[in-house]
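Work through the exercises below with the sequence and the structure in view. Each task is followed by a solution in steps.

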Amino acid sequence: MTQPVTLGGRPTMPPPGAPAEELLIARFRTHARRLFWSALVLIAVFGATTFFYDNLPAPFENWMLLTAAGGIVLLLVVVPWVVWYSRSVTLTTRRVIVNHGIGARNRQEMSHARGYTIGVRRGVIQRMWGVGTITLSNGVDAPLRLANVPNVTLVHETLADQIEVSQILAHRDAQAGHDGTAGF
């Protein structure tokens with residue numbers, strides 16, 4: 001039996017009873033708008049350092065200026081970037097995976113097959129940046145909150161499609177096992 005050609009770019013469904021392969025749909029981080037102030041600080045520190053280099057009052061030396069500039073850049077530019085870069089969301093055909101943490105990694109997962117509700121919140125500032133906050137709740141576990149998701153409507157539609165496909169596959173496999181016809 002051949003699998004039908006799918007419409008809309010969806011992958012073909014496996015035969016009844018066969019395990020579905022987990023495929024990567026998307027991997028993304030929160031919107032980089034939180035790095036805006038870090039970028040401004042970097043520009044300001046660079047400008048101030050070039051202006052004051054070899055132009056400092058008598059008790060100060062250039063190495064003091066460079067040390068202060070390096071400390072400011074480390075605290076206000078590098079640390080926020082590392083924190084932003086350490087958080088990621090992965091969408092697969094089976095689950096949503098949220099990883100965060102610098103030293104110790106924390107991981108939260110939510111399976112599409114269990115089903116969950118999708119809540120989308122977009123404030124005024126979030127709409128200006130094209131982002132939103134998605135809350136996934138299955139009624140049993142703590143809600144999974146994805147803040148500042150870029151292209152929030154596309155991610156919402158993708159999550160809704162994956163829940164639908166997972167529940168169709170689960171229902172089909174349950175029916176195939178129940179009546180013994182294997183879906184033919």
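**Exercise 1. Find which residues of the largest nonpolar core touch the most other members.**

Step 1. A nonpolar core is a set of buried Ala, Val, Leu, Ile, Met, Phe, Trp, Tyr and Cys residues joined through side-chain atoms within 4.5 Å. Buried means under 20% relative accessible area, exposed means over 50%, and partly exposed lies in between (1.4 Å probe, protein chains only).

Step 2. The largest core has 16 residues, and those touching the most other members are Val96, Ile134, Leu136, Leu146 and Leu159.

Step 3. At least two core residues come from each of strand 2 (88-92), strand 3 (95-100), strand 6 (131-137), strand 7 (144-150) and helix 4 (152-179). Helix 4 gives the largest share, four residues. Helices (H or I, at least four residues) and strands (E, at least two) are DSSP runs, numbered from the N terminus.

Notes on the model: it is predicted, local features need pLDDT of at least 70, side-chain atom pairs count only at pLDDT 80 or more, and totals for chains, interfaces and linings use all residues. Residues are numbered from 1 along each chain as its sequence is written, and side-chain values use heavy atoms, with hydrogens and water left out.

**Exercise 2. List the contacts of leucine 136, leaving aside its neighbours within four places in sequence.**

Step 1. Contact means heavy atoms within 4.5 Å.

Step 2. Leucine 136 then touches Val96, Met110, Tyr116, Thr117, Ile118, Pro143, Leu144, Leu146 and Leu159.

**Exercise 3. Describe the salt bridges of arginine 95 with glutamate 22 and with glutamate 109.**

Step 1. A salt bridge is a side-chain nitrogen of Lys or Arg within 4 Å of a carboxyl oxygen of Asp or Glu. The structure holds four of them.

Step 2. Between glutamate 22 and arginine 95, the closest N and O atoms are 2.7 Å apart. Glutamate 22 precedes strand 1 (24-28) and arginine 95 is in strand 3, so this pair ties together parts 73 residues apart in sequence.

Step 3. For glutamate 109 and arginine 95, the closest N and O atoms are 3.0 Å apart. Glutamate 109 lies in strand 4 (residues 106-111) and arginine 95 in strand 3, so parts 14 residues apart in sequence are tied together.

Step 4. Arginine 95 is partly exposed, at a relative accessible area of 24%; glutamate 22 is partly exposed at 29%, and glutamate 109 is partly exposed at 40%.

Step 5. Glu22, Arg95, Arg107 and Glu109 are linked in a network of salt bridges.
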